[in-house]
Amino acid sequence: MNFWPGFYALQGAWFLLLLVPLVIFYFLKLKRPHQRVPSLALWSQVINDRRVNSPFQRFKRSILLLLQILLLLFLVLALMQPYVQSGAERAEYLPILIDCSASMAATDSESGKTRLDLAKERVADLIDNMLPDQQISLVAVSSTARRLTAFTDNQRVLKKALADLAVDDVPSQLEDALRMTQALSRTAPINTVLFYSDGNFPREVNFELPFDLNFQLLPPAGANIGITSFNARKNQAGNWDVFIRVENSKQADSPAQVELLQDGTSIAKEEIVLGSGDSQRLEFSVAADKESKLEAVLYPGSQDSLAADNRAFLTIPQSRSLLVYIDPELASYRYALADDKELILYPQEKSPTAPPDYDLIIGSSAKDLDRPALVKLGVGFIPEDLQELITLESNLTDVVDWNRSSAFLRHVELADVQISQQPVWAENANVEDLEALGYEVLIHGRLGPLLLQKRNAGELEFYFLFNTDRSTMPYRVGFPIMVSNLIQLTSQEAGISETQAAATPVLPPLEFQPEKQYEILTPAGKELRAESDQNGRISGVAALHTGQYTISGAGAENTKISVSLLNPLETSLVSVEEIQFSEVPVTATQSQIDSDKPLWGEFAFIAFLLLLGEWWYFQKRPAGTMS
């Protein structure tokens with residue numbers, strides 16, 4: 001810190017010339033009326049005043065003149081806009097990035113302040129110490145970057161935007177904020193960027209810095225324990241297995257109690273103790289034959305700095321049977337599913353009627369797959385949009401490789417399977433052509449793909465490009481396993497066998513009427529608008545806060561969705577002290593940045609005190625005078 005002041009407006013020193021007329025006024029002779037008096041003995045003071053006001057006489061010492069000279073001097077100094085120099089380079093255009101992710105709501109055990117409160121205090125100090133040639137732009141950093149203000153020197157506007165800044169229950173995306181700042185640099189010269197954060201974000205950022213980044217690391221918060229996962233799966237007995245994962249930050253050991261409520265009634269409690277950085281998975285069994293609301297509540301037994309991750313909500317869906325259509329010609333599939341009591345197979349001999357749509361369709365022609373369904377499996381034909389890329393020949397082939405991580409092929413062994421039909425690539429066709437059309441190859445044959453997967457407008461489609469009945473696959477142990485995987489996958493798509501709690505920062509996909517407008521009321525009271533696609537699906541709606549979202553519109557009937565889970569990184573309160581960019585790392589600093597401190601306010605206040613002193617001295621009654 002350089003304590004020798006600098007002056008922003010040195011031209012204000014010209015006002016010191018006002019000292020000349022001020023002093024001259026004290027030398028001017030007073031003009032009094034002439035009167036004849038019998039004696040001058042009583043008028044000695046008047047004679048002295050006349051002598052003092054004579055321009056060529058030595059004037060009497062005057063406290064009033066001294067006060068007025070000091071008053072003028074401090075007023076001129078205030079006009080010169082002095083400031084204490086920090087020694088750091090002063091940026092005329094300064095973007096300030098403020099992290100407002102979920103972890104910034106973590107509180108300190110001693111002061112009770114959140115990390116965002118500390119960041120606001122430090123930024124407010126910078127705004128107070130702005131010099132007249134400085135402009136600041138505030139940018140909020142959460143799941144996206146939001147510019148709160150343009151470059152401005154209006155302290156009132158900056159402080160209003162700073163006061164309105166609140167925490168979003170989402171992880172922070174520093175890269176988005178830096179790209180926004182890079183866009184701002186096209187309108188103003190930016191040399192330095194300030195970033196205030198608790199360091200709770202990925203260490204590596206894929207960005208090339210075109211400016212200097214000053215990473216201001218806030219002091220760490222206290223210990224935290226929270227719920228990071230909440231899901232349920234239907235078991236073979238018809239009950240639901242509920243799983244809750246609780247994680248502890250790395251600050252200290254933490255005892256806690258977890259309570260599970262069903263439709264508002266407590267059904268289970270469990271005491272746990274987690275060590276530093278540990279996690280524990282809890283399992284409960286819940287009976288529910290209809291739609292049911294579950295709530296998991298965490299009661300920390302010690303200091304807990306983040307409250308947003310102590311509750312989680314989950315909805316168990318209404319139980320029902322899957323509606324499955326299987327082409328009668330595909331006898332192997334009907335035989336594999338004939339004894340499954342949770343399915344209703346179509347077509348039925350006793351009942352010629354059929355539902356308007358299905359959960360699963362297994363067909364041997366493209367006509368079968370024209371019916372609406374959540375999951376479709378085509379067997380023994382090539383989709384129309386692939387007929388120029390693949391042809392089907394009557395030759396023997398076998399499986400070369402398959403995607404073992406696919407949910408459809410989980411625990412399925414396909415080695416030594418013999419196939420009497422062979423899909424063959426057309427000339428110059430390859431896997432990239434399939435990927436361009438949205439297909440993924442799950443099983444590779446000798447001369448072409450054997451099984452494809454595609455996600456099409458909310459429907460999950462699979463295609464065996466050969467007839468599985470003309471292979472040894474139905475005689476293998478893996479065939480009923482594969483069909484069981486397909487049923488489980490369909491149940492998941494239908495949302496009747498597995499469910500999980502909704503998490504920020506995006507609402508789960510919603511399905512209503514096609515091509516309709518819907519209004520979504522957020523927990524913060526903000527209204528969002530979304531339009532469903534041609535299939536009635538709404539996706540990609542931002543969920544920046546935990547709480548209840550209400551959807552209204554055609555067919556919605558005030559549907560409510562509870563969003564409760566945070567990103568596990570936010571619960572852990574992990575802090576990085578160095579950001580690794582594409583070229584260079586940036587190390588954090590915890591000391592407040594030095595800034596030039598303006599002094600004109602202090603000088604103006606001293607001038608005001610001198611003005612009061614001059615007024616008091618001028619108005620005070622001389623000693624010995626009568627009231």
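Leaving aside neighbours within four places in sequence, Ser172 is in contact with Asp99, Ser101, Val141, Ser142, Asn200, Phe201 and Glu570.

## Overall fold and confidence

The protein has 627 residues, of which 43% count as buried, and its secondary structure comprises 11 helices and 36 strands. Among contacts with a separation of 6 or more, 67% join residues 24 or more positions apart.

The mean pLDDT of the protein is 85, with 86% of the residues reaching 70 or more. Over residues 55-59, however, the pLDDT stays under 50, and the model has 6 contacts beyond four places in sequence for this stretch. Residues 623-627 also have a pLDDT below 50, and that stretch has 2 contacts in the model beyond near neighbours in sequence. Where pLDDT is low, the predicted coordinates should not be read in detail.

## Packing of helix 4 against helix 5

Helix 4, residues 115-128, packs with helix 5, residues 155-164, at an angle of about 175 degrees, and the two axes are 10 Å apart. Angles over 145 degrees count as roughly antiparallel, and helix 4 and helix 5 are therefore roughly antiparallel to each other.

Helix 4 contributes Lys120, Val123, Ala124, Ile127 and Asp128 to the contact, while helix 5 contributes Gln155, Leu158, Lys159, Leu162 and Ala163.

Thr504 is placed in the loop between strand 27 (502-503) and strand 28 (510-511), and Thr504 is buried because its relative accessible area is 8%. A polar atom of the Thr504 side chain lies 2.6 Å from the backbone oxygen of Asp169. Asp169 is also one of the residues that Thr504 touches once those up to four places away in sequence are set aside, the others being Val170, Ala543, Leu544, His545, Thr546, Val563, Leu565 and Leu566.

The peptide bond that leads from Thr504 to Pro505 is cis, with omega near 10 degrees, and Pro505 is found in the loop between strand 27 and strand 28. A cis peptide bond also runs from Tyr346 to Pro347, with omega near 0 degrees; Pro347 belongs to the loop between strand 16 (343-346) and strand 17 (358-363).

## Positive phi outside glycine

Although Asn428 is not a glycine, its phi is positive, at about 70 degrees. Asn428 lies in the loop between strand 22 (422-425) and helix 8 (431-436), where Asn428 is exposed, with a relative accessible area of 70%.

Leu573, likewise not a glycine, has a positive phi of about 55 degrees, and its place is the loop between helix 10 (568-572) and strand 34 (578-580). Leu573 counts as buried, because its relative accessibility is 13%.

## Two pairs apart in sequence

Ile606 is found in helix 11, which covers residues 600-619, and at 33% relative accessibility Ile606 counts as partly exposed. The C-alpha atom of Ile606 is separated by 7.0 Å from that of Phe74, a residue 532 residues apart from Ile606 along the chain.

Gly525 lies in the loop between strand 29 (517-521) and strand 30 (527-531), and with a relative accessibility of 52% Gly525 counts as exposed.

Note on methods:
Residues numbered from 1 in each chain as written. Predicted model: local features only at pLDDT ≥ 70, side-chain atom pairs only at ≥ 80, totals over all residues. Heavy atoms only, no water. pLDDT = per-residue confidence, 0-100. Contact = heavy atoms within 4.5 Å. Helix = DSSP H or I, 4+ residues; strand = E, 2+ residues; numbered from the N terminus. Buried < 20%, exposed > 50% of the residue type's maximum accessible area, 1.4 Å probe, protein only. Polar contact = N/O pair within 3.5 Å; in protein donor to acceptor, adjacent residues only side chain to side chain. Axes fitted to C-alpha atoms, helices over the stretch in contact; angles between N-to-C directions. Parallel < 35°, antiparallel > 145°, perpendicular 65-115°, else oblique.
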